[in-house]
Amino acid sequence: MIDKVGLLTIRDGKVLLCRKKRGTSLLILPGGKRETGESSLECLARELGEELGDVTAVSPELIGVYTHAAAGAVEKIVQIELYRAQLSGDARAQSEIGELVWFGAQDDWATLAPSLAEVVFPDLIRRGILTS
């Protein structure tokens, strides 16, 4: 199982997502794999720095843990511990991230990683955290 920590940040009804430079063209949440001995919030802070530059997640709140097939490697399972927070700082695609995308309800769900389209976003819509 791939153990990841992710960030849900919403601005003007849109969710900040990332597209990697290689591996998959599907949109994923900012965040990444936990390193040995790392807490969830330490992992989130490190990954955001690596992927988005000089940013900070402001008062992150755990909103759920989701398990699904991994993007680009459906034979693998990913578990995402998801935190909601606003970002302080100017997010810019860094490291393995090729592009940042603000994804809204009218955008094409076929561009989303399976975990987002099939599990995470439907749950967040059902709970009223996202609008459809």
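In the predicted model, buried residues account for 45% of the 132 residues of the protein. The accessible surface amounts to about 6800 Å², and carbon and sulfur atoms contribute 47% of this area. Among contacts with a separation of 6 or more, 67% involve residues 24 or more positions apart.

The protein contains two helices and seven strands, arranged along the sequence in the pattern β-β-β-β-α-β-β-β-α. The radius of gyration is 13 Å, close to the 14 Å given by the globule rule for 132 residues, so the protein is as compact as a globular protein of that length. Along the principal axes, the C-alpha atoms occupy a box of roughly 35 × 30 × 25 Å.

Strand S3 (residues 14-20) pairs with strand S2 (residues 10-11) in antiparallel orientation through two bridges. In this pairing, Ile10 has Val15 of S3 as its bridge partner. The two strands form a hairpin in which two residues lie between S2 and S3, and Asp12 in the turn adopts a positive phi of about 55°. S3 is also joined to strand S7 (residues 97-103), again antiparallel, by six bridges.

Helix H1 spans residues 40-52 and includes Arg46. The relative accessibility of Arg46 is 19%, and this residue therefore counts as buried, the cut-off being under 20%. Its side chain makes a polar contact of 2.7 Å with the side chain of Glu38. When residues up to four places away in sequence are not counted, Arg46 touches Lys33, Arg34, Glu35 and Glu38.

Definitions and conventions. Residues are numbered from 1 along each chain as its sequence is written. This is a predicted model: local features need pLDDT of at least 70, side-chain atom pairs count only at pLDDT 80 or more; totals for chains, interfaces and linings use all residues. Side-chain values use heavy atoms; hydrogens and water are left out. Two strands pair if DSSP finds at least two bridges between them. Helices (H or I, at least four residues) and strands (E, at least two) are DSSP runs, numbered from the N terminus. Buried means under 20% relative accessible area, exposed over 50%, partly exposed in between (1.4 Å probe, protein chains only). A polar contact is a pair of N or O atoms within 3.5 Å; within protein, one must be able to donate a hydrogen and the other to accept it, and residues adjacent in sequence count only if both atoms are side-chain atoms. Contact means heavy atoms within 4.5 Å. The radius of gyration is taken over C-alpha atoms; the globule rule is 2.2 Å times the number of residues to the power 0.38. Accessible areas come from the Shrake-Rupley method with a 1.4 Å probe; for residues, only the protein chains shown count as cover.
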